[in-house]
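Dear colleague,

Please find below the structure that I am handing over to you. My findings follow directly after it.

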Amino acid sequence: QVQLVESGGGLVQPGGSLRLSCAASGSIGSIDAMGWYRQAPGQQRELVATISSGGSANYADSVKGRFTCTRDNARNTVYLQMNSLKPEDTAVYYCYANVRRSSTLYYTDYWGQGTQVTVSS
């Protein structure tokens with residue numbers, strides 16, 4: 001089994017910052033892409049950022065210049081540094097990882113449980 005555990009969500013004022021973390025554990029052979037999605041109430045889940053195993057990141061236009069996605073391959077952990085937060089960033093944030101389990105040859109997407117980020121004064 002593979003588990004992704006997120007941390008770092010919470011309530012922050014507009015203009016503030018938060019850092020999300022997501023650690024993968026279990027029978028992991030290797031991890032390809034990792035990243036973050038978010039889902040606001042009544043809306044579809046949307047991609048926020050994705051990062052390759054080599055560290056190349058891509059972002060949704062709505063967060064470019066404000067959010068930074070990084071990863072620590074030795075710790076199987078992905079991070080999302082969120083600066084200059086806006087009320088429209090309020091959502092449940094989910095991490096994902098494209099994982100090859102140690103007993104297989106193929107990759108599967110795994111998801112975290114979600115962490116709430118609320119931006120409000």
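Ser-84 is partly exposed, with a relative accessible area of 41%; here buried means under 20% relative accessible area, exposed over 50% and partly exposed in between, computed with a 1.4 Å probe on protein chains only. The model is a predicted one, in which local features need pLDDT of at least 70 and side-chain atom pairs count only at pLDDT 80 or more, whereas totals for chains, interfaces and linings use all residues. Residues are numbered from 1 along each chain as its sequence is written, and side-chain values use heavy atoms, with hydrogens and water left out.

Ser-84 is not a glycine, yet it has a positive phi of about 50°. Its place is the loop between S8 and strand S9 (91-101). Strands are DSSP runs (E, at least two residues), as helices are (H or I, at least four), and they are numbered from the N terminus.

Asn-76 likewise has a positive phi of about 50° without being a glycine. This residue sits in the loop between strand S7 (67-72) and strand S8 (77-82), and it is partly exposed at a relative accessible area of 23%.

Two strands are taken to pair if DSSP finds at least two bridges between them. S7 and S8 belong to an open sheet of four strands, with the order S1-S3-S8-S7 and antiparallel pairing. Strand S1 (2-7) and S7 are its edge strands, because each pairs on one side only.

Thr-50 belongs to strand S5 (residues 46-51). Is Thr-50 buried or exposed? With a relative accessible area of 19%, Thr-50 is buried. Its side chain makes a polar contact with the side chain of Tyr-96 at 2.6 Å; a polar contact is a pair of N or O atoms within 3.5 Å, where within protein one must be able to donate a hydrogen and the other to accept it, and residues adjacent in sequence count only if both atoms are side-chain atoms. Neighbours within four places in sequence aside, Thr-50 is in contact (heavy atoms within 4.5 Å) with residues including Ala-33, Met-34, Ser-56 and Tyr-96.

Leu-11, in strand S2 (residues 10-12), is exposed, with a relative accessible area of 67%. Leaving aside neighbours within four places in sequence, Leu-11 is in contact with Thr-118 and Ser-120. The C-alpha atoms of Leu-11 and Thr-90 are separated by 9.2 Å, the two residues being 79 residues apart along the chain.

Yours sincerely
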